[in-house]
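Please open the model in your viewer and keep the selection tool at hand. The stops below follow one another, each with something to select and something to look for.

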Amino acid sequence: MMQGAGKHILLDVRTEGEFKARRIRGAVLLPYDEIGRRATAELPDKNALILLYCRSGNRSRAAAQELVGMGYTNVYDFGGIMSWPYDTAGGEQ
């Protein structure tokens with residue numbers, strides 16, 4: 001989906017520590033508990049393709065529902081990075 005989708009936002013909704021330790025390449029961090037107050041400023045295009053993930057899928061599912069409730073129209077929950085079969089980045093201190 002990421003390769004054929006064209007322009008998209010890959011959103012990691014975990015904590016900053018989790019993001020620094022391991023993330024999907026190209027992801028941006030917007031922690032789940034900050035979606036409500038930061039999404040409008042950081043994700044101004046409510047029609048943009050937004051792909052979300054977390055560790056196991058619980059936070060990304062809730063974040064996707066919250067974004068849809070805020071009027072975002074093109075939101076997809078990728079689930080958890082634990083089941084991500086491709087290369088990841090991370091390990092920064």
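Predicted model: local features only at pLDDT ≥ 70, side-chain atom pairs only at ≥ 80, totals over all residues.

Residues are numbered from 1 along each chain as its sequence is written, and side-chain values use heavy atoms, with hydrogens and water left out.

Next select Phe19 and Arg23, where Arg23 lies over the face of the Phe19 ring at 4.8 Å from its centre. A charge counts as over a ring if NZ of Lys or CZ of Arg is within 6 Å of the ring centre and within 35 degrees of the ring normal. Then move to Tyr72, whose face has Lys46 over it, at 5.3 Å from the ring centre.

Now show the strands (DSSP runs of E, at least two residues, numbered from the N terminus, as are helices, runs of H or I of at least four). Four of them form an open sheet in the order S3-S1-S4-S5, with parallel pairing, and two strands pair if DSSP finds at least two bridges between them. Strand S3 (28-29) and strand S5 (75-80) stand at the edges with a single partner strand each, so one side of each has no neighbour in the sheet.

Select Asp12 next: this residue stands opposite Leu29 in S3 and opposite Tyr53 in S4. Strand S1 (residues 9-12) is joined to S3 by two bridges, whereas S1 and S4 pair over four bridges, in the parallel sense.

Finally, select helix H2 (residues 35-42) and H3, whose axes come within 11 Å and cross at roughly 60°; axes are lines fitted to C-alpha atoms, for helices over the stretch in contact, and angles run from 0 to 180 degrees between N-to-C directions. The contact (heavy atoms within 4.5 Å) is made by Ile35, Gly36 and Ala39 of H2 and Ala63, Glu66 and Leu67 of H3.
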